[in-house]
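Colleague: Could you take a close look at one helix in this model for me? I'd like the details first, and then the wider setting.

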Amino acid sequence: MPADIHEIAPDLFRISTFIPEIDLAFNQFLLRDERPLLYHTGMKALFPEVRAAVAQLIDPAKLAYISFSHFEADESGALNQWLEAAPQAETVVGMIGAMVNMGDYAIRPARGLVDGETFSTGKYRLRFLATPHLPHGWDAGLLFEETRRTLFCSDLMHQNGKSVPISSNVIEGVRNSLAAYEKTPMHSYMPFGPRTEKQIDRLIELKPQTLAIMHGASFSGDGAAALRAYKDVRASLLS
């Protein structure tokens, strides 16, 4: 099944593959610029579909950056296939991920970013935010595109089901999905504690205008308010 492509912000494209057997969409994001960025690689099995989608937007061989939050199949499973398809592409992840995972897994060395470090794709500047265990994994981090204020959220704001590409109201889907997982072995999918709240508060302070979300619809609007609601939902499920 071909992946769906939608421009959710200027030069930012959501590439989405819905897997009906598990009622879940997997989203990658292409930032089209002088030095294009792909955020999330997708799993190995999705590589042909995702590459075909990217090829409708740019020459895949011209990718300059590949990034993701943490080491997991849907985040980085097809990394080496992408590194072969884009010979000049550089993997940019947090320092922990570069040292602990990429040094063993990736076919080319990764660039490890420290908290607050920035890099440019041309028109756009991205800042790396170290977020250990948010959404999960000690190597976790997020990217914030400062020019148009897009937060690449990874698994934060997760929504089950097939959704519209972008919405101004995703919190009910988030609530329902998290509540459903609480009743299954997935209940520990994302940890939550005092450090988690502080990290989400830091994301709120960024006042993002777009939330590029791995599973489900992306969000457009008052990103700070959406993240506050997300924090409250997560806290209420554990109270």
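Let's start with one side chain: is M99 buried or exposed?

Modeller: M99 counts as exposed, because its relative accessibility is 55%; the cut-offs are under 20% for buried and over 50% for exposed, with partly exposed in between (1.4 Å probe, protein chains only). Before I go on: this is a predicted model, where local features need pLDDT of at least 70 and side-chain atom pairs count only at pLDDT 80 or more, while totals for chains, interfaces and linings use all residues. Residues are numbered from 1 along each chain as its sequence is written, and side-chain values use heavy atoms, leaving out hydrogens and water.

So, the helix. M99 sits in α4, which covers residues 95-105. (Helices are DSSP runs of H or I with at least four residues, strands are runs of E with at least two, and both are numbered from the N terminus.) G97, A98, N101 and M102 are the buried residues of α4. Down the helix axis these fall within an arc of 130°, so they line one face of α4; the arc is that of the directions from the axis to the C-beta atoms.

What lies over the buried face? The cover includes α3 (79-85), β6 (90-94) and β7 (111-113), with contact meaning heavy atoms within 4.5 Å.

M99 also belongs to a nonpolar surface patch, together with M95, V100, V114 and W138. Patch members have over 30% relative accessible area and no salt bridge; nonpolar side chains (Val, Leu, Ile, Met, Phe, Trp, Tyr) are joined within 5 Å, like charges within 9 Å. A salt bridge here is a Lys or Arg side-chain nitrogen within 4 Å of an Asp or Glu carboxyl oxygen.

Now the setting. The protein has seven helices and 14 strands. Its radius of gyration is 16 Å, close to the 18 Å that the globule rule gives for 239 residues, so the protein is as compact as a globular protein of that length. (The radius is taken over C-alpha atoms; the rule is 2.2 Å times the number of residues to the power 0.38.) Of the 239 residues, 54% count as buried. The protein exposes about 10,300 Å², and carbon and sulfur atoms supply 53% of that.

Key: Areas by Shrake-Rupley, 256 points an atom, 1.4 Å probe, with all protein chains shown as cover.
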